[in-house]
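Please find below a briefing on a single protein chain, prepared for use beside its sequence and coordinates. The points are grouped by topic.

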Amino acid sequence: MMVPTTPGGEVIGVRYREASGVVDNVIIQNIGNMDGSAVGIGFYNQSPVVDNGQPPEETSVALSHSTIRNVVGTGILADGASVNLTVDQTVVIGPVQPSSVVVANGFQLSDGAKGTVQNSFFTDFRSQVPGASGSAFIFLCPGVNGGGVASATGNSVRNADFGAALTYADGVRLEGNTFVDTQVAVLLQAFQNGLGCSTPTSPTKNSNIVDNLILDPAEAGIALVNGLLLGSGPGSNTIQGNSIFTDVTVPMAPLSIDGRDNVISQNTIFAGPDSE
């Protein structure tokens with residue numbers, strides 16, 4: 001593994017900055033150090049918020065048929081208002097051994113970025129950092145308001161603290177995904193601050209969580225959480241057509257709703273022995 005010149009700095013496998021392109025059939029592995037001296041990003045699609053006082057030109061990047069594994073940090077990070085990233089048929093595997101100081105995440109769309117992850121497999125995003133959780137998908141201030149897309153469709157997720165975590169996420173779509181062995185499969189949350197977003201939107205709203213299959217979540221299948229009592233919490237989201245299988249021997253909430261004006265319909269909850 002590699003160590004940057006500045007302790008705690010970033011080490012990046014592949015980086016696209018203000019550039020478009022196609023990346024197909026690559027392997028990115030062993031990025032970052034367990035002790036935090038190098039925080040890894042496997043694939044980084046990046047743009048600045050502004051470019052010489054002007055919004056940067058939008059870029060388009062496609063990542064497909066690839067494998068990203070053993071990244072101590074974030075497997076795929078798309079960040080910035082000019083970014084539009086599509087990830088398709090790609091495998092992302094977390095660290096061989098989780099770090100006690102760096103949280104591992106699979107795919108993050110943040111700070112105005114647009115994009116989709118589809119037909120891909122994510123596994124092993126458990127955190128050993130006190131008070132922090134690993135996620136297969138993070139949608140943090142994505143750029144949907146400008147007419148873009150922020151979505152995860154047709155993916156398989158296994159062994160993660162959060163399958164998908166949405167924060168300040170307006171209009172995200174999660175459809176046809178399978179989540180197995182998570183603490184919380186899908187989390188929609190509201191907080192009082194921007195959590196690093198340069199232009200935080202209103203609390204998570206207008207998102208569609210539809211036709212997902214959730215097996216054996218430890219705490220909740222789908223949870224809407226008003227994290228710091230921000231107004232009414234997540235609102236105007238649609239939770240529809242999801243199937244949640246739970247183990248009756250584990251105390252948990254298949255659906256946990258803290259918000260208003262959300263549409264909850266046609267979801268199916270199965271309670272029984274271990275569902276796998």
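The structure is a predicted model. The chain has 0 helices and 25 strands. Of its 276 residues, 52% count as buried.

**Overall make-up**

- Among contacts in the chain with a separation of 6 or more, 78% are between residues 24 or more positions apart.
- The accessible surface of the chain is about 11,400 Å², and carbon and sulfur atoms contribute 50% of this surface.

**The nine-stranded sheet**

- Nine strands form an open sheet with parallel pairing, in the order S2-S5-S8-S11-S14-S16-S18-S21-S24.
- The edges of this sheet are strand S2 (21–24) and strand S24 (263–265). Each of these has a single partner strand, so one side of each is left without a neighbour in the sheet.
- On average, neighbouring strands of the sheet are turned by 5° against each other, direction ignored.
- Strand S5 (residues 61–64) pairs with strand S8 (residues 84–88) in the parallel sense, over 4 bridges.
- Serine 64 has aspartate 88 in S8 opposite to it.
- Strand S11 (residues 114–118) contains threonine 116. This threonine counts as buried because its relative accessibility is 12%, which is under the 20% limit for that class.
- Beyond its neighbours within four places in sequence, threonine 116 is in contact with Leu85, Thr86, Val87, Ser151, Ala152 and Thr153.

**Strand S20 and its partners**

- Strand S20 (residues 220–226) is mostly covered, with 6 of its 7 residues buried.
- One partner of S20 is strand S17 (residues 178–190), and the two pair in the parallel sense over 6 bridges. Glutamine 189 has valine 225 in S20 as its bridge partner.
- Another partner of S20 is strand S23 (residues 253–257), which pairs with S20 in the parallel sense over 4 bridges. Here isoleucine 222 stands opposite leucine 255 in S23.

**Nonpolar cores**

- In soluble globular proteins, nonpolar side chains tend to be buried together.
- In this model, the largest nonpolar core comprises 46 residues. Phe43, Phe107, Phe137 and Phe139 have the most contacts inside this core.
- Phenylalanine 43 is in contact with Val14, Tyr16, Val23, Ile28, Val61, Leu63, Ile68, Gly75, Ile76, Leu77 and Leu85, leaving aside its neighbours within four places in sequence.
- Another core, of 6 residues, lies apart from the largest one. Its members include Phe162, Ala165, Val184 and Ala223.

**Aromatic residues**

- The whole structure contains 5 aromatic pairs.
- One of these pairs joins phenylalanine 107 and phenylalanine 137 in an edge-to-face arrangement. The distance is 6.4 Å centre to centre, with 85° between the planes.
- The pair links distant parts of the chain, 30 residues apart. Phenylalanine 107 belongs to strand S10 (residues 105–110), and phenylalanine 137 belongs to strand S13 (residues 135–140).
- Phenylalanine 107 and phenylalanine 137 are both buried.
- One aromatic cluster is made up of Phe107, Phe122, Phe137 and Phe139.

**Loop positions**

- Most residues other than glycine have a negative phi.
- Glutamine 89 has a positive phi of about 50° although it is not a glycine. Glutamine 89 lies in the loop between S8 and strand S9 (91–93), and is partly exposed, with a relative accessible area of 42%.
- Serine 236, also not a glycine, has a positive phi near 60°. Its place is in the loop between S20 and strand S21 (238–240). Serine 236 counts as partly exposed at 37% relative accessibility.
- Arginine 260 is located in the loop between S23 and S24. With a relative accessible area of 54%, arginine 260 is exposed.
- Arginine 260 and glycine 235 are 25 residues apart along the chain, and their C-alpha atoms are separated by 5.1 Å.

Terms used. Residues numbered from 1 in each chain as written. Predicted model: local features only at pLDDT ≥ 70, side-chain atom pairs only at ≥ 80, totals over all residues. Heavy atoms only, no water. Pairing = 2+ DSSP bridges. Axes fitted to C-alpha atoms, helices over the stretch in contact; angles between N-to-C directions. Phe/Tyr/Trp six-rings, centres within 6.5 Å; stacked < 30°, edge-to-face > 60°. Buried < 20%, exposed > 50% of the residue type's maximum accessible area, 1.4 Å probe, protein only. Contact = heavy atoms within 4.5 Å. Core = buried A, V, L, I, M, F, W, Y, C linked by side-chain atoms within 4.5 Å. Areas by Shrake-Rupley, 256 points an atom, 1.4 Å probe, with all protein chains shown as cover.
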